[in-house]
Amino acid sequence: MTSEDRTNPNREGIELPAPTSAPFVCAFGVTLIFAGIVTNWAVSIVGFVLGIVGAIRWWHEVLPDNRKECLPIDGRRPTIEVSPGGVAHLMTAESPHRARIPLEIHPYGAGVKGGIAGGIAMAIVAGVWGWVDQSSIWYPVNILGATVLPDFAHENATQLAQWHTAAFVLGLVIHACMSLMIGLLYGVILPMIPRFRLGFAAVAVPLIWTGLAWASLDIINPLLNQQINWWWFIGSQVAFGLACWFVVSRSERIGTMQNWSMLERTGMESPGIREMGGDG
Amino acid sequence: MSTLNAQPVGAPTPPDALPQTLNSGKCGMLCLIASEITFFGTLLAVYLFYIGKDPVGTPTPAEMLDVSVAPLKVVFNSIFLLTSSIWITLAVRQLARGNIKAFAVWWLLTILFGLEFLVGTGFEWYGLIAEQGFTIRTNLFGSGFYTVVGFHAAHVTIGLFLLSLVFVLTCLGKMHQRHTEKVELLSWYWHFVDGIWIVVFTIVYIIGH
Amino acid sequence: MTTLDHPGNPTRIKPTFLGRMHEWIATADHKKLGVMYVTTGLIFFLIGGLEATMMRWQLAVPGSTLLSPSDFNRLFTMHGTTMVFLVGMPILLGVANYFVPLQIGARDLAFPRLNAFGFWLFFFGGLLLYFSYFGAQGLYGMGSAPDVGWFAYAPLTERTYSRGHSTDYWILGLLVSSFGSIATGINLITTILTMRCRGMTLMKMPLLVWLMLIDAVLIMIAMPPLAAAQVMLLFDRLLGAHFFDVQGGGSAILWQNLFWFFGHPEVYILILPAFAYVSEIIPVFCRKVIFGYPLMVAATVSIGFISLGVWVHHLFALGLSPMVNTIFMGSTMLIAIPTGIKMFNWVGTMVGGKIRFDTPMLFSTGFLALFLIGGLTGIMLSVVPFDWQVSDSYFVVGHFHYVLFGGLVFSIFAAIYYWFPKVTGRMMNEALGKWQFWLLFLGFNLTFGPMHVSGMLGMPRRIYTYHADRGWDLWNLLSSIGVLVQIAGVAFFVWNVIHSLRKGREAGADPWDAWTLEWSTASPPPDYNFEEIPEVYSRRPLWDIKHPDDPDWKYE
């Protein structure tokens, strides 16, 4: 039962617990005890007797010492083929066995700047749409505010073209937060995209985002849905993507800390160690 | 060919990965106690949930379990059960020293104290059922009371049965110093039965009262 | 000594039938018990599948009268109970029984006799449950099976509403078999904590062992409360107690809480082994180490913790306070994080690997796809308003079949194809295996995909028939046709097992070129598992021996 005989000194055989029918008898007895509850008390009596018989057998197995049987070694011991070489490595960086990606990232600051630039670009396109379509630059602002102020959705186009302080403040806050967050995401995700980063930033993501908004807005706020020109919506998203991509990709990349050596991570500076966070 | 035991060149010698203080017997008993605690925990949680929710009203726990009416009975029994934990500890200590006779004496004392508790519970139940007509069907309080206290008594019974088995083996001269560990594990179970009684007593006789 | 019935055993004597029966009944060997667990589980799987087939047959067209309403109630009760307690539990315990000692370099479980006791309790508990078909009204009348649903909500289970003994059989059969599960759970914890070979520290254990450790802890914590609740229900029915008797002040809501306090961890008890199997299989068939081993361990432990605190999401439709609903909605969403980590780690293991799509890997990939769908609908259901909309509809049925059938059963098939050579010494047939996979995959999606739609259209679960004007006809017909395809898939599996047992290719010790210790011993393993207890230096001991120029211990 205990694990004291971990390497067997006796090479002739190996000791294992001896087979015993005690658990089988005991379990059958216990089941009959329960079965008697729904059939007949006599079944329970039989079960109890069987349980006791099984238990006594069981105690004979383990008291005063566990009964064991000695099994001969049957000699079927497989050989393990040694096959050195032939191991391909995923990457040939400094630490190939447990490679960590990405090796380089854009600084978070670049994402923030990209978000601001993208937000401005998007606002300009949206303003142009408002001016061209409804001859009021407040129109898109009010639409954005209407996503959280449900009353606005019921207003007609003339009312939406007017100045509303609440909608302006809310729209500004929403727009700023969204721009910053998506800018940050761009900063983090762009280095991970292997190819076509411009296509990802300025085509794929705007299309996906527009599709998501288009599909869900129809369910969330169908009235609002009628007020939006989706082609212009895509245009403003593309403007955001372009501006954000431009700012982010112009920033200087930095190596991730995972590739620093132990000394660098602990912040030691001495001759022979490359510059902190340098060309990882 | 290569074997699994040959230490490869340059590899650090593997540490013995097992904890020194925890063998299989102890670990198994601790797990058993843990699962028992969740079992009793469920019963007691239900008991606590139903305190004061009886639509029938009478008899209330206060009427039935008034410690002031029979001030000594339950407390007296509880003291017997709790002190038996001390005797079993002393017994195991004697066995570890190889002192079989002293072990038998303390062990018997444990059994007798446990038995007193069981008999005391029996009298209490007899009084409630036969004299006051208070059964498991009477109301919610009756259901909870008999289930919780009954399951605890069942565990005491199982414990006493195992303790008696060890005592019989001792009398037959089959217990030796090398069995200390198995006997100690049994004492852990007995400590658990005692410990859970403190919780049952607190909830049924003090909080529920 | 006992005679061994293995091919290649030098001292092979043909034993008599009775001798062989005695050998299996009296065994305390973890490998024999493991085989018995899995075999019994698979037989119950066929029975439970038959019950499901009958239900789908009835539901194929509106207004069908093949089954009476009460027969239908018995079928869905027995189907659910069988699949959870008599299929999922024994198979996961059986695989753990067989492979945990082999993977940690031990010769048996910590308590071999208790292990046999646990198996026989499960076995007889299952028989007792099915005996209800004959004896549920006592030995004096025609019996019948439980018909109260697998979660047996009070007060339907009280004596007033459930006459006869059918509900008692449900209680007693499950009580007996859950005692067995608790015993085996304790056995597994003890084995893993105290019987590992030299060098196998906790962080060098194979992931199967880690996951089964957490699984066993969940069994130990979650099953005794079910036993307590069932005992209280039994006292209600037999002794006239009032725990769940609403007229006597008892609370039906309390039963729901108690049942799901067990029931939700039970879902994770069932799915953690699925994670365990694919965590072993995917690295071997991608020829890469598992991606993010420490994170996998951390995610497993956190799933174990969080799963104990989400059960109220089964009670959203009950009308508890918004605060309670919100808290449990949050905890339910929280559990998606560690589960998501696991998904990404499996995919991360596949990225850049040299993937071999043998049958075990096919089933593992199928698991990833189907479990992902089941997990995503699970997150949808965790949102309280959405849950209110589709609670107790076929949407829920579709969701949990994607998790438990697409997740658990697919991974069980992966595990069987992966470890069959180790257990029997023979390979399973690849061609038959691929037929089985594609038929099962197609049939599965055909059956359970449309259930999401019929559920959204408002079809409640557990109805025995429906009117033709509800727009549910097409979706139900599709589901029922899918069952036929699945039956074909399972038939291929049965054929494959019988065929491979007799004529399968000899496997050798290590057919998959794998890395954990069970592949270092013969197939089937000798009774003592290892001639010498191994020593390990890394998470992949066999890799170290096969590749002495590039061993793992240099990096761990």
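Predicted model: local features only at pLDDT ≥ 70, side-chain atom pairs only at ≥ 80, totals over all residues.
How are α3(A) and α9(A) oriented to each other, roughly parallel or roughly antiparallel? Two packed helices are described by the angle between their axes and the distance between the axes. Here, helix α3 of chain A covers residues 108–134 and helix α9 of chain A covers residues 230–250, and the two pack at an angle of about 150°. Their axes lie 7 Å apart. Angles over 145 degrees count as roughly antiparallel, so α3(A) and α9(A) are roughly antiparallel to each other. As for handedness, α3(A) passes α9(A) in a right-handed crossing.

Quite a list of residues makes this contact. On the α3(A) side, they include A110(A), G114(A), A117(A), G118(A), A121(A), V125(A) and W129(A). Across from them, α9(A) brings in W232(A), G235(A), A239(A), F240(A), L242(A), A243(A) and V247(A), among others. Sorted by type, the residues of the contact come to 15 nonpolar, 6 polar and 1 charged.

Read from the N terminus on, the elements of chain B simply go α-α-α-α-α-α. Of the 209 residues in chain B, 29% are buried. Looking at contacts in chain B between residues at least 6 apart in sequence, 83% join residues at least 24 apart.

Note on methods
Residues numbered from 1 in each chain as written. Chains lettered and ligands numbered in written order. Axes fitted to C-alpha atoms, helices over the stretch in contact; angles between N-to-C directions. Helix = DSSP H or I, 4+ residues; strand = E, 2+ residues; numbered from the N terminus. Parallel < 35°, antiparallel > 145°, perpendicular 65-115°, else oblique. Left-handed = near helix turned anticlockwise from the far one by under 90°. Contact = placed C-beta atoms within 7 Å. Nonpolar A, V, L, I, M, F, W, Y, C, P; charged D, E, K, R; others polar. Buried ≥ 20, exposed ≤ 12 C-beta atoms within 10 Å, placed from the backbone.
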